[in-house]
Amino acid sequence: MHRRKGSPVMSSTPPVLPPELIDQAIDHLWDDHEALEACSLTCRSWVPTSRLHLFRTVRVRSADDCTKLSALLDASPVIAHCVRKLTVSAEYKGVDSNGRACEDDAWVNQMSTLLSKLYRVHTLALSRVKWSSLLPETKSAFAVVFKSVKMLLLFEVRFDASGDVLGFLFEFPILSELYFHGVSWDRESPASQVSDTGGRVAKCMGLTYLFLDPKSSPTLVTEWLLNRASEQRLRTIQLCWREIENTRASESELECLRIEFPFGLSEEVLLQNQLTLSHNTGLRTLHFGGLDVSAAATQTLFSNRLFTWVAVMLGQISSSSLREVIFELELPDVCDLQSLDWLRIDRELSRREFNGLLLRFYVNCTRRECGSSLEGEVRRELESRLPNFLGRGTLRVSCL
């Protein structure tokens, strides 16, 4: 058959997309493991981008995981280049004679060979590991990984002595974010050792974010870190009630402070509080989390101490940089908002230096379903309680 003169030529070759568009399409599948596996099997040119996402986060939870990962890296060494987030998580295997949980972490020593290959890890999480029980060669192998880690998460990690914690952290030269969840040690090191090691750690680290949960002992961290704020780049500290008396040491470096009020807070702790925010002259954001109004409604002393204390803290702020205050409230119903000392809160928040302040309320009404009507009721109640603030700042309300 002859082509008619002037008619277009039909090509049998399918159009080819530019490689950068294909890469972008695969990037959108970053959290879909099944789809990424299918992409990696489509053609050779799709493998690098698919592999980057498939092996970006690696979790090792057993000796079997160690064996499989080691074999994979031996077969395809380029995969080690993709691993950026590493989690090593053990379990517990009962309790010892003192009733303390025992870590089933002996298998972690099998990781010493493969750890030396993971040279691009920037986020490391260790869970339920007794660091002092690991073999010296395992610790040395971990030290290779530590050199590139910027974010460290410790979940119920145990050390022999307080000085060991500092020695451990000293191995992270570029660490910027540190999360302590239930970190503990069996005995206290001599004060001279803690002071010396703590000073070296503070000088080598450039933390910008620190998190301490209620299960972590705050003493060591606050002594070696917060008391050396001039040598740090800390901008955000997230603390729970029993740690907050030490925040005065952070002085003008601190820009964001989140204070949690954990469940079961005792009256004794409230009476012993000595917090002051007057030293934090660069504070920009103050976040109050875990304020259980329903508990306060049934405990007179708790209510008087806790919510009066919140108002007192607002009065202590000397920062002219404050731009945002956040309250997280849990209460049975809208009427329970009356438990707070609104007269004093309104007075403190409407100070001249806070002109333009953004005030956010995240409210969870446990006896009501969330909806536009509930949010409207909460807003109207808050507006009636904060007349002076509304003339100077902005109120935002979200019901959860």
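A salt bridge is a side-chain nitrogen of Lys or Arg within 4 Å of a carboxyl oxygen of Asp or Glu. The views below all come from a predicted model.

**View 1. Glu353 and Arg351 form a salt bridge.** The closest N and O atoms of Glu353 and Arg351 are 2.8 Å apart, and this pair can be counted as a salt bridge because the cut-off is 4 Å. Glu353 is partly exposed, with a relative accessibility of 40%, whereas Arg351 has 18% and counts as buried, because buried means under 20% relative accessible area. In the structure there are 13 salt bridges.

View 2. Lys68 is exposed at 55% relative accessibility, while Asp64, at 43%, is partly exposed.

**View 3. Arg360 and Glu324 join two strands through a salt bridge.** Here the N to O distance between the side chains of Arg360 and Glu324 is 2.6 Å. The pair links distant parts of the chain, since Arg360 belongs to strand β15 (residues 358-365) and Glu324 to strand β14 (residues 324-331), 36 residues apart. Arg360 has a relative accessible area of 27% and is partly exposed, but Glu324, at 18% relative accessibility, is buried.

**View 4. A network of salt bridges links five named residues, Glu103, Lys130, Arg158, Asp160 and Asp186.** Side chains of opposite charge can pair when their charged atoms come close.

**View 5. The largest nonpolar core holds 44 residues.** Within this core, Leu86, Leu126, Phe142, Leu152 and Phe168 touch the most other members. Helix α6 (residues 136-146) supplies the largest share of the core, four residues. If neighbours within four places in sequence are left aside, the contacts of Leu152 include Leu124, Phe168, Leu169, Phe172 and Tyr179. Another core, of 36 residues, lies apart from the largest one, and Ala311, Val325, Leu329 and Cys365 are among its members. In soluble globular proteins, nonpolar side chains tend to be buried together.

**View 6. Helix α13 (residues 342-349) has several buried residues.** The buried residues of this helix are Trp342, Ile345, Asp346, Glu348 and Leu349. Seen down the axis of α13, these buried residues fall within an arc of 165 degrees, and they therefore line one face of the helix.

How values were computed
Residues numbered from 1 in each chain as written. Predicted model: local features only at pLDDT ≥ 70, side-chain atom pairs only at ≥ 80, totals over all residues. Heavy atoms only, no water. Buried < 20%, exposed > 50% of the residue type's maximum accessible area, 1.4 Å probe, protein only. Arc of directions from axis to C-beta. Core = buried A, V, L, I, M, F, W, Y, C linked by side-chain atoms within 4.5 Å. Contact = heavy atoms within 4.5 Å.
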